[in-house]
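Please keep the sequence and the structure in view while reading.

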Amino acid sequence: MTDTKKSQHGEWSSRFAFILAATGSAVGLGNIWKFPYITGENGGGAFVIVYLLCVLLIGIPIMMAETMLGRRSRQNPINTMITLVDEAGADKNWHYLGWMGVAAGFLILSYYSVIAGWASAYVLKAFTGSFFGADAAAIKVIFDDFVASPAKLLFWHSLFMLATMLIVVRGVNTGLEKAVRFLMPSLFVLLILMVAYAMTTDTYDQGVKFLFTPDFSKLTGNGVLTAMGHAFFTLSLGMGAIMVYGSYLPKDVSISKTVFLIAGTDTVVALLAGIAIFPIVFASGLEPAAGPGLIFQTLPIAFGNMTGGWFFGILFFVMLVFAALSSSISLIEPAVAWLVENKDMSREQACIWSGSITWLLGFGTIFSFNVWSEFKIFDRTIFQLLDYLTANLMLPIGGFCIAVFAGWIMKQQYTEHELDMPNALSYQAWQILIRYVAPAAVFLVFLHVVGVL
Ligand code: PHE
Ligand code: NA
């Protein structure tokens, strides 16, 4: 394979463009919606520590591996696996890895889009002043009424899917790149503002303590799995999103430095969201374990009662929708790239196909919050099942395989060349993490959950 090979879909215009896109993929609902509510459900501090350890020891090395695989092959994740397996003379069963990633992308986007639809609906609610002077009880009624309506959820889910498809149609350089350029900094500023508001509540210390003081007796085996799964989810790992973005990465960019920056930003955003939300949770007497509605039941209280809350409320939910969009486009890009490369489709056709499938799958999640809320498989609603299947199983399994492939199957001379670490020691550190630490950690957590350990 030559170093001059480029992706047929184009290339990022610079290292900065890749950083923006990959950060756009990483930072999303996972940080602002999911991280706070699963932290609340799993008892706080101890969960946060396990999550942070997983980001550092498993997430970052696997993110480097995934970027590297994509950039080496310059194709969609399915073809990447086919090409690299060929190059290494490895077993053909590795091909399934690419397929599982594309499947995971569809499944995740099907519920991601529904929740992003909630955020979109909240832009309108903020705009019409629904939160003015409202207390916790009133805000809860607004949320409960909203999710009880399949028609409303369907409307906003459809709108969000349409927006995703419209951006993806325009392709890597124009669509994806421009969409994320201005949004990260604005989201960041708004989060700081929310933290400033949280500081004015007298439960600020209690909120921060909940997040950062570990009580390991509160952490169950499944909690550990959720923390690890979330490390994959929040960094967009294990399903090919980062791989496909890596395939558009110019050759002369240092993967290691770039990855640290992206993972660092993602982590800071999640922690800021937690610091902003938990003081409000306690101030308004809410349950930390309130579930997926947590941010929709807390932040509006702040917007309804702070100075400038009308303006900041609108802005916040707009930013959240944009952050979700820059993630959703990366969830569907592997499938679109595959359809274009292998099925001879135009980008338009590929977007329509994959978008329609995801849109249909979304009905399962929509109904789990209302008409099918009592319908449970393995004690879980369809939404909970999809979330568990993807974040807790498919992404860690995908990540495990990526680690084994990059650490053991690919030739060392290639990985060394592609990663281009600043010195030999950092390459060795990566190698130990990718060969032993990351796969063993994933494996042990699985054993722990099934009760063997
Ligand atoms: N990382 C995104 C978030 O935190 C979600 C995501 C997962 C995006 C997997 C792409 C792939 O919201
Ligand atoms: Na994230």
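This is a predicted model: local features need pLDDT of at least 70, side-chain atom pairs count only at pLDDT 80 or more; totals for chains, interfaces and linings use all residues.

## Helix α17 against helix α19

Helix α17 spans residues 382-409 and helix α19 spans residues 424-450. Their axes lie 9 Å apart, and the two helices pack at an angle of about 150 degrees. Angles over 145 degrees count as roughly antiparallel, and α17 and α19 are therefore roughly antiparallel to each other. The crossing in which α17 passes α19 is left-handed.

On the side of α17, the contact is formed by Pro396, Gly399, Phe400, Ala403, Val404, Ala406, Gly407 and Trp408. On the side of α19, Gln431, Ile434, Arg435, Ala438, Pro439 and Val442 take part. Of the residues in this contact, ten are nonpolar, three are polar and one is charged.

## Helix α5 against helix α17

Helix α17 also packs with helix α5, which covers residues 95-127. The axes of α5 and α17 come within 10 Å and cross at roughly 150 degrees. By the cut-off of 145 degrees, α5 and α17 are therefore roughly antiparallel to each other. Their crossing is left-handed.

Helix α5 contributes Leu97, Met100, Gly101, Ala104, Leu107, Ile108, Ser110 and Tyr111 to the contact. These residues meet Phe383, Leu386, Asp387, Leu389, Thr390, Met394, Leu395, Gly398 and Cys401 of α17. The contact of α5 with α17 comprises twelve nonpolar residues, four polar residues and one charged residue.

## The surroundings of ligand 1

Ligand 1 is surrounded by 15 residues, of which Gly28, Gly30, Ser236, Ala241 and Ser327 are the closest. Four helices each supply at least two residues of this shell: α1 (15-26), α2 (29-41), α11 (221-234) and α15 (309-342). Which kinds of residue make up the shell around ligand 1? Seven are nonpolar and eight are polar, while no charged residue is present.

## A loop residue, Pro292

Pro292 is located in the loop between α13 (255-283) and α14 (294-305). Is Pro292 buried or exposed? A residue counts as buried if 20 or more other C-beta atoms lie within 10 Å of its own. Pro292 has 20 other C-beta atoms within 10 Å and is therefore buried.

Definitions and conventions: Residues are numbered from 1 along each chain as its sequence is written. Chains are lettered from A and ligands numbered from 1 in the order in which they are written. Axes are lines fitted to C-alpha atoms, for helices over the stretch in contact, and angles run from 0 to 180 degrees between N-to-C directions. Angles under 35 degrees count as roughly parallel, over 145 as roughly antiparallel, 65 to 115 as roughly perpendicular and the rest as oblique. A crossing is left-handed if the near helix is turned anticlockwise from the far one by less than a right angle, and right-handed if clockwise. Two residues are in contact if their C-beta atoms, placed from the backbone, lie within 7 Å. Ala, Val, Leu, Ile, Met, Phe, Trp, Tyr, Cys and Pro count as nonpolar, Asp, Glu, Lys and Arg as charged, and the others, Gly among them, as polar. A residue is near a molecule or strand if its C-beta atom, placed from the backbone, lies within 6 Å of it. A residue is buried if 20 or more other C-beta atoms lie within 10 Å of its own, exposed if 12 or fewer, and partly exposed in between; C-beta atoms are placed from the backbone.
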